[in-house]
Amino acid sequence: GSLDSSRFRLPLCAGAAALARAARDDDTLCALAPGIFRGEAARELLPALVALLDVRCVLAAFSEPDGASQLPALPPHVERVLLDVEGLARIAKPQRAAQRSARWQGYLAGGVEHELALAALRCEGRAPATADDWRGRQLVLSNEAGETLCLAEVRRVLESEPTRLVVALPPAAPPLEGLAAVLWRDARVEGGALVTASAPSNALTHRVQQSPFSLRARASVVADLGPPPVLSSAGATATLVSGAFGDPLLHLRFDREKRSLLVDLGETSRLPARIAHQVEDVLVSHAHFDHFAGFLWLLRSRIGVLEPCRMVGPPGLAERVDHMTRGITWDLIGARGPRFEIDELADDETLVRYEVQAGVAGAREIGRRAAPGGVVRVEPRRRFRAVTLDHSTPVLAFAIEERRRFVADEARIAARGVAPGPWIGELCDLAMAGADDIELELPGLGRRPVAELRDTLLAAVPGQRLVYATDFGDSERNRERAVALARGADALFLESSYIEADSGLLQANNHLTARAAAEIARAADVRRLIPFHFSKRYERRPEAVYAELCARFDRVLLPERMRQLLDRR
């Protein structure tokens, strides 16, 4: 019953039902379900288990006087027994943790080590992001029928073959000839203690893997670079959809929000239409064809979506959006055409606001407002800043800046005697949103305002920053502005169109070399540089661009295959 009832209620119910089917008719089945009832998703769990397992009696313990009212509706034949929480033996959290660790150590005592080849197995669960995260992770080994053979612990990764692990098995482990699958559990051993395996809440993580949505393979001679890079930064999952060589398009999926943002509208063919329905904001650097051709995809996908899509871009963006919508016949849509609210940054300090609606001719100015410091939008969780750079036309570079975030302070929570639970995520969300006056009910504390709980149970940590800059000339003014915008950023998406040997092309194209991009990243002291917008002249030799970048900056995000190639060189 240790699975999160919100995220895993379906597999938990399915697994419990499978175990129940294996029980004998004269057995008594006792199911310990996660004690989580707040939220609609969690409240589905208990009725589902009652129905699937033919439960006749539910035992429930609550610390609040009206706790019984939290139980969801159950069939009339199910008996409810409410237990007196004062009469129950309670074990402190540190003692439970020590007992859990001791049991795990006893399970593996006297066991043997075994080499495991992951490439030949089906891997399930949340796999570690790096080799450092593998050590100490707990595994479940199962056969083709899904039956558990035993549990194991990763001891080390073979340097010669990163997909081969050395794991510790219990002494009673059966032969592993039938081993077919490995499940990564969210548990690991650290300092001899078995703890929850999770990434630091404010750590910048990066991985080169498939994005959260399906991307069709791009027919290209650079397909061996692997899928587009995916990063977690500024409270969002960021995917450079078309990789290093495709038309620029950055998709951001904000954590814990059903909301997406796009930066530029380049090659959209690999984005599903459902993403367009979730897009609330589009940041447009400029309207050159390779950065704006995807607007027609966005327009088509938003037919039937009544809420406006917000856009930010340089002067002239509203007129271009209007012209593109007027190129379509809208005689059947009436007043229900897709709407766009467009902010144009006129002079780095002023936003001119327009509204464009499909089927209604003309971009209508709806107001003006100041944008001090280039701040084009402010939200409870984050703000957006922009700065104008020189290309053959004005171009905007963008910074997405997360405000301070809140994380659970485990020591303070334990000191107050509050049991951890889903309320932690809800409290962090409300604190980030600035909902100070909303009251939450916590076990053992009763109802308290968010502001009080935030100050007593949470810790504030600095937010992250993500910067996107492309299509600007290598001038002193542009460098100064780009460095100022990106200074200290956690992630910098920066164009690297040419190598220094081909710098003669820059006069006509007004782009950056890989050398200039690396120097800008170094001057801004960013934590990670993600280069993109490579000229297609390097499709057959992308290592030329990456080598020039890595020669001057040591924090470049490299596709794994490119990393191996450069290491061999």
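This note goes through the predicted model point by point, from overall figures to single residues.

1. Basis. The model is predicted, so local features are taken at pLDDT of at least 70 and side-chain atom pairs only at pLDDT 80 or more, while totals for chains, interfaces and linings use all residues. Residues are numbered from 1 along each chain as its sequence is written, and side-chain values use heavy atoms, with hydrogens and water left out.

2. Confidence. Mean pLDDT, the predictor's confidence in each residue from 0 to 100, is 83 for the protein chain, and 86% of its residues reach 70 or more. Over residues 200-223 pLDDT stays under 50. For that stretch the model has 65 contacts beyond four places in sequence, a contact being heavy atoms within 4.5 Å.

3. Overall make-up. The protein chain has 17 helices and 29 strands. These are DSSP runs numbered from the N terminus: H or I over at least four residues for helices, E over at least two for strands. Of the 569 residues in the protein chain, 47% are buried. Buried means under 20% relative accessible area, exposed over 50%, and partly exposed in between, with a 1.4 Å probe and protein chains only. Among contacts in the protein chain with a separation of 6 or more, 61% are between residues 24 or more positions apart. The accessible surface comes to about 28300 Å², and carbon and sulfur atoms hold 51% of it; areas come from the Shrake-Rupley method with a 1.4 Å probe, and for residues only the protein chains shown count as cover.

4. The six-stranded sheet. An open sheet runs in the order β20-β21-β22-β27-β28-β29, with mixed pairing; two strands pair if DSSP finds at least two bridges between them. Its edge strands are β20 and β29 (529-532), each of which pairs on one side only. From one strand to the next the twist averages 15 degrees. Axes here are lines fitted to C-alpha atoms, for helices over the stretch in contact, and angles run from 0 to 180 degrees between N-to-C directions.

5. Strand β21 and its neighbours. Strand β21 (residues 382-390) is largely enclosed by the rest of the structure, because seven of its nine residues are buried. Strand β20 (residues 375-378) pairs with β21 in the antiparallel sense over three bridges, and Val378 has Arg383 of β21 as its bridge partner. On β22 (residues 394-402), nine bridges join the strand to β21, again antiparallel, with Ala386 opposite Phe398. A three-residue hairpin joins β20 to β21, and a three-residue hairpin also joins β21 to β22.

6. Strand β28 (residues 491-495) runs parallel to β29, joined by four bridges, and Glu495 stands opposite Phe532. Helix α13 (residues 476-486) lies across β21, β22, β27 (465-469) and β28, at about 170 degrees to β21.

7. Positive phi. Most residues other than glycine have a negative phi. Asp54, not a glycine, has a positive phi of about 55 degrees. Asp54 lies in the loop between α3 (45-53) and β1 (57-62) and is partly exposed at 45% relative accessibility. Asp525 also has a positive phi, near 55 degrees, and lies in the loop between α15 (514-524) and β29.

8. Cysteines. With a disulfide taken as a pair of cysteine sulfur atoms within 2.5 Å, the count is zero. Cys309 is buried at 0% relative accessibility, whereas Cys123 is partly exposed at 40%.
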